[in-house]
Amino acid sequence: MGYTIAEKIIKAHLLEGEMVKGTDICLKIDQTLTQDATGTMAYLEFEAMGVDRVKTEKSVAYIDHNTLQTGFENADDHRFIQSVCKKHGVYFSRPGNGICHQVHLERFGKPGKTLIGSDSHTPTGGGIGMLAMGAGGLDVAVAMGGGGYHITMPEIVKVNLKGKLNDYVAAKDIILEVLRVLSVKGGVGRIIEYSGEGVKTLSVPERATITNMGAELGATTSVFPSDEITREFLKAQDREEDYTELCADADAVYDKEIEIDLSTLTPLAACPHSPDNVKPVSSLSDIKVDQVCIGSCTNSSYLDMMTVAAMLKGKTVADGVSLSIAPGSKQVLNMLAQNGALADMIAAGARILESACGPCIGMGQSPNSAGISLRTFNRNFEGRSGTADGQIYLVSVQTAAASALTGYFTDPTTLGVAPKIEMPEKFLINDNMVIAPATPEEAPSVEVLRGPNIKPFPTTTPLAAEINASVSLKVGDNITTDHIMPAGAKILPLRSNIPAISQHCFTVCDKEFPERAKALGSSIIVGGVNYGQGSSREHAALAPLYLGVKAVLVKSFARIHRSNLINAGILPLEFKNEADYENLALGNEIQIPDIAEIVKNGGDIVIKNITTGKDIIAKCELTERMRDIILAGGLLNYTKEQSNG
């Protein structure tokens with residue numbers, strides 16, 4: 001029996017375990033990336049481990065999220081990250097160099113390699129045949145220190161692409177169709193692998209758009225073959241030596257297969273407030289548009305930008321529409337400036353933003369109240385834009401540009417002949433905004449610079465023999481990390497200060513939660529299906545930890561958030577009978593007897609509702625390593641114990 005692409009990479013990097021679906025495996029990690037919203041905490045965690053120098057083939061820190069500097073906090077974080085990178089062997093991508101996933105694809109990613117990043121859209125690297133996965137900052141810190149990355153061996157889903165896209169239909173429409181078919185929880189516990197004749201019609205940036213939004217499926221990652229298209233991309237980046245051919249064996253076996261005929265697709269849009277709420281653009285034509293934002297790690301490549309410039313050339317953005325455009329990297333922005341495309345955008349009335357995440361992470365460009373905003377981004381969760389009642393739609397750059405010009409939702413296929421944009425034979429290469437670390441000999445003399453907003457990683461304690469707590473919050477299905485730990489220009493600067501940022505925890509759902517949880521001292525959170533979907537931000541676990549949350553009891557978890565809870569020493573419990581969700585209410589006092597013993601030896605967990613007198617049965621399915629992490633009080637404590645053992 002042959003291997004899939006994912007299985008080939010896993011097999012080559014397997015440190016522990018066997019490739020048996022549903023079992024724990026440990027992978028050697030070749031590369032890591034961080035960004036500044038999660039990076040400060042990741043490097044504080046790395047320092048706490050006491051490792052002098054990173055042990056990966058390449059680790060890169062990017063400044064792309066917290067680039068709006070309205071106070072000292074973000075600038076201090078950037079200075080800290082740059083200094084700690086210089087000391088410990090990490091490459092530093094300066095602010096203005098671009099979005100982590102776009103730059104990593106351009107300059108550092110290699111087919112067949114493993115990559116984990118403290119950002120949930122790290123699977124973008126699957127567009128060039130990497131096994132690239134989002135992870136919590138602590139997992140990334142461990143990998144930088146030479147430790148393996150533990151995941152549950154996923155199922156592999158084959159998406160067979162046949163045919164070819166029609167004019168004005170884009171790669172964004174492909175992944176929106178996959179989301180329509182599978183839903184935001186359809187990829188949980190799975191790797192999505194793309195194959196078929198249709199793959200050969202897609203450029204690397206188009207493939208990367210698809211793998212990027214695999215995160216919205218809840219997938220462990222997504223991956224494309226590494227083929228001649230990949231070789232040409234790397235050659236154009238002056239990196240042909242990094243090319244490795246990689247494809248699935250003809251007799252590879254998949255756990256599930258779906259087929260998409262590219263020639264039948266039409267422009268699609270994800271409607272508020274979920275990436276899987278997908279409808280044809282043609283059905284939305286009566287909706288007036290207030291704002292259009294083009295960019296993000298999903299759609300900010302040279303190919304995307306040139307497409308937009310060609311559609312805008314000689315035209316003017318509709319009266320009443322605010323159009324912002326953010327090229328994904330300095331490379332892209334420089335090329336647009338040199339070939340005149342940037343001038344075409346500006347002449348049409350576009351507002352040019354810096355090469356950063358910007359509006360996608362709520363860092364500026366919030367729409368007007370109840371405004372209709374079309375975005376080429378990857379998430380449209382409620383409130384993420386910075387406007388509580390903003391109506392956010394996710395679309396392709398073709399649909400975005402067409403709608404910006406007309407002022408209404410516009411199907412671009414009605415515009416006639418589409419502009420033909422070719423991939424360049426050679427990209428503009430200038431890595432002067434990437435700073436190499438100090439040599440091992442120079443490193444001891446490097447001073448790490450810390451600002452007053454940077455606080456230590458929260459202390460944790462070993463799991464108690466029993467838990468006595470109250471229900472501090474009860475929420476429903478599909479709670480995102482944006483619900484748990486909001487982003488935006490006001491909150492992101494507090495990412496390196498857990499006591500301060502915890503005051504915003506769950507305020508989207510319940511403004512009283514932080515004060516209530518802190519007053520209770522010890523509490524649990526109750527939730528529904530797919531709890532914790534979205535970002536990899538470990539702050540969604542660290543803030544509840546600081547506020548005294550001991551356990552989270554839900555119907556089901558999203559992968560990365562569950563791992564982050566375990567890493568923080570918070571018990572991830574699931575209802576054995578989902579109907580028991582109704583038997584818990586805000587304020588109920590609960591007791592979980594003998595919990596340390598049960599975690600250690602296995603078995604069902606009895607949760608006694610002292611308020612109602614009813615018992616609830618929960619399960620906590622943990623590997624041996626996860627049990628040890630929970631018992632130790634989190635991954636940092638566990639790692640220190642292992643180092644001292």
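This is a short tour of one predicted model, stop by stop.

**Before you start**

Residues are numbered from 1 along each chain as its sequence is written, and side-chain values use heavy atoms, with hydrogens and water left out. Because the model is predicted, local features need pLDDT of at least 70 and side-chain atom pairs count only at pLDDT 80 or more, while totals for chains, interfaces and linings use all residues.

Helices (H or I, at least four residues) and strands (E, at least two) are DSSP runs, numbered from the N terminus.

**Stop 1: helix 4**

Select residues 100-107. Buried means under 20% relative accessible area; exposed means over 50%; partly exposed lies in between (1.4 Å probe, protein chains only). Click through the helix: Cys100, His101, Gln102 and Val103 are among its buried residues.

What do the buried residues of helix 4 pack against? Show strand 3 (31-35), strand 4 (58-62) and strand 6 (114-117).

**Stop 2: Thr230 in helix 8**

Move to helix 8, residues 228-236, and pick Thr230. Is Thr230 buried or exposed? Its relative accessibility is 0%, so Thr230 counts as buried.

Now display its contacts (heavy atoms within 4.5 Å). Leaving out residues up to four places away in sequence, Thr230 touches Pro111, Ile128, Val204, Arg207, Pro225 and Tyr243.

**Stop 3: the largest pocket**

Stay with helix 8. It gives the largest share of the lining of the largest pocket, 6 residues. A pocket is found on a 1 Å grid over the protein atoms alone: it is an open set of points where a 1.4 Å probe fits, with protein on both sides within 12 Å along at least five of seven lines. Lining residues have an atom within 4 Å of a point.

Select Thr201, Ser203, Glu206, Leu303 and Ile421: of the 39 lining residues, these lie nearest the centre. The space is about 1,000 Å³. That volume is the space filled by probe spheres set on the points, which are joined across faces, edges and corners.

Helix 6 (171-182), helix 9 (302-312) and helix 12 (397-406) are among the helices that each supply at least two lining residues. Colour the lining by class to find 19 nonpolar, 8 polar and 12 charged residues. Here Ala, Val, Leu, Ile, Met, Phe, Trp, Tyr, Cys and Pro count as nonpolar, Asp, Glu, Lys and Arg as charged, and the others, Gly among them, as polar.

**Stop 4: the second largest pocket**

Select Thr152, Val188, Gly189, Arg559 and Arg562, which lie nearest the centre among 30 lining residues. The second largest pocket holds about 770 Å³. Strand 8 (149-152) and helix 17 (559-568) each supply at least two residues of its lining. The classes are 9 nonpolar, 11 polar and 10 charged.

**Stop 5: strand 18**

Select residues 372-375. Both faces of strand 18 are covered: Ile372 and Leu374 are buried on one side, Ser373 and Arg375 on the other.

Strands pair if DSSP finds at least two bridges between them. Strand 15 (residues 291-294) pairs with strand 18 in the parallel sense over 3 bridges. Find Gln291 and its bridge partner, Ser373. Strand 19 (residues 391-394) also runs parallel to strand 18, joined by 4 bridges. There, Ile372 stands opposite Gln391.

**Stop 6: the cysteines**

How many disulfides does the whole structure hold? The search finds 0, where a disulfide is a pair of cysteine sulfur atoms within 2.5 Å. Select Cys505: the nearest cysteine sulfur, that of Cys509, is 9.3 Å away. Cys505 is buried, at 0% relative accessible area.
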